[in-house]
Amino acid sequence: MTPLAAATATPFPTGTVLVLALVWSAGYLIACWWWPYRAHGRCRGSGKLRSPFGGAFRSCPGCRGTGRVLRAGRRLWSAGRDLTTRRR
Ligand SMILES: [Zn+2]
């Protein structure tokens, strides 16, 4: 016999971890529904890439000049639907 049986009793049982993960995911999805965007990292949400000289800038290609990108959770949520669509 080995003392392995005692080692299986962990402070966080698998069930608790699963419930916590579910609660966290639900909260994250709700947050992604309510706040679907985050600031684009490359342009820091400004939508512009600044030239090192003068005040020149160009549209950020990563976010198409909007300065915002969909969060990963929201992208899952509305797979295929583009919230940044140009309205016509
Ligand atoms: Zn950008």
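Trainee: Hi! How many residues does helix α2 have, and how far does it reach from its first C-alpha to its last?

Mentor: Hello! Helix α2 covers residues 14-34, which is 21 residues. From the first C-alpha to the last it reaches 30 Å, close to the 30 Å expected at 1.5 Å a residue. Keep in mind that this is a predicted model.

Trainee: Okay. How many of the residues in α2 are buried?

Mentor: One of its 21 residues is buried, and α2 is hardly covered. For the protein chain as a whole, buried residues make up 7% of the 88 residues.

Trainee: Which elements have the lowest and the highest mean pLDDT?

Mentor: Helix α1, residues 4-7, has the lowest mean at 58. Strand β3, residues 57-59, has the highest at 95.

Trainee: Changing topic: where does C43 lie?

Mentor: C43 lies in the loop between β1 (37-39) and β2 (48-50).

Trainee: Is C43 buried or exposed?

Mentor: C43 is buried, because 22 other C-beta atoms lie within 10 Å. The cut-off for buried is 20 or more.

Trainee: Which residues is C43 in contact with, leaving aside its neighbours within four places in sequence?

Mentor: C43 is then in contact with K48, L49, C60, C63 and G67. Its C-alpha atom is also separated by 9.7 Å from that of T66, 23 residues apart along the chain.

Trainee: What other residues are found in that loop between β1 and β2?

Mentor: Among them are R44 and G41. R44 counts as exposed because it has 11 C-beta neighbours inside 10 Å. G41 counts as exposed too, with 10 C-beta neighbours inside 10 Å. The C-alpha atoms of G41 and G62 are separated by 9.1 Å, and these two residues are 21 apart along the chain.

Trainee: What is phi of R44 near?

Mentor: Phi of R44 is near 55°, a positive value in a residue other than glycine.

Trainee: Why is that worth a look?

Mentor: Most residues other than glycine have a negative phi. Another one to look at is R64, with a positive phi of about 55° although it is not a glycine.

Trainee: Where does R64 lie, then?

Mentor: R64 lies in the loop between β3 and β4 (68-70). R64 counts as partly exposed, since it has 14 C-beta neighbours inside 10 Å.

Trainee: Back to β3. Is S59 in that strand buried, exposed or partly exposed?

Mentor: S59, which is found in strand β3, is partly exposed, with 14 other C-beta atoms within 10 Å. Leaving aside its neighbours within four places in sequence, S59 is in contact with G47, K48, R64 and G65.

Trainee: How far apart are the C-alpha atoms of S59 and C43?

Mentor: They are separated by 9.2 Å, with S59 and C43 lying 16 residues apart along the chain.

Trainee: Last one: what share of the contacts comes from residues 24 or more positions apart?

Mentor: Among the contacts in the protein chain with a separation of 6 or more, such residues account for 44%.

Note on methods:
Residues numbered from 1 in each chain as written. Predicted model: local features only at pLDDT ≥ 70, side-chain atom pairs only at ≥ 80, totals over all residues. pLDDT = per-residue confidence, 0-100. Helix = DSSP H or I, 4+ residues; strand = E, 2+ residues; numbered from the N terminus. Buried ≥ 20, exposed ≤ 12 C-beta atoms within 10 Å, placed from the backbone. Contact = placed C-beta atoms within 7 Å. Expected span 1.5 Å × (residues − 1).
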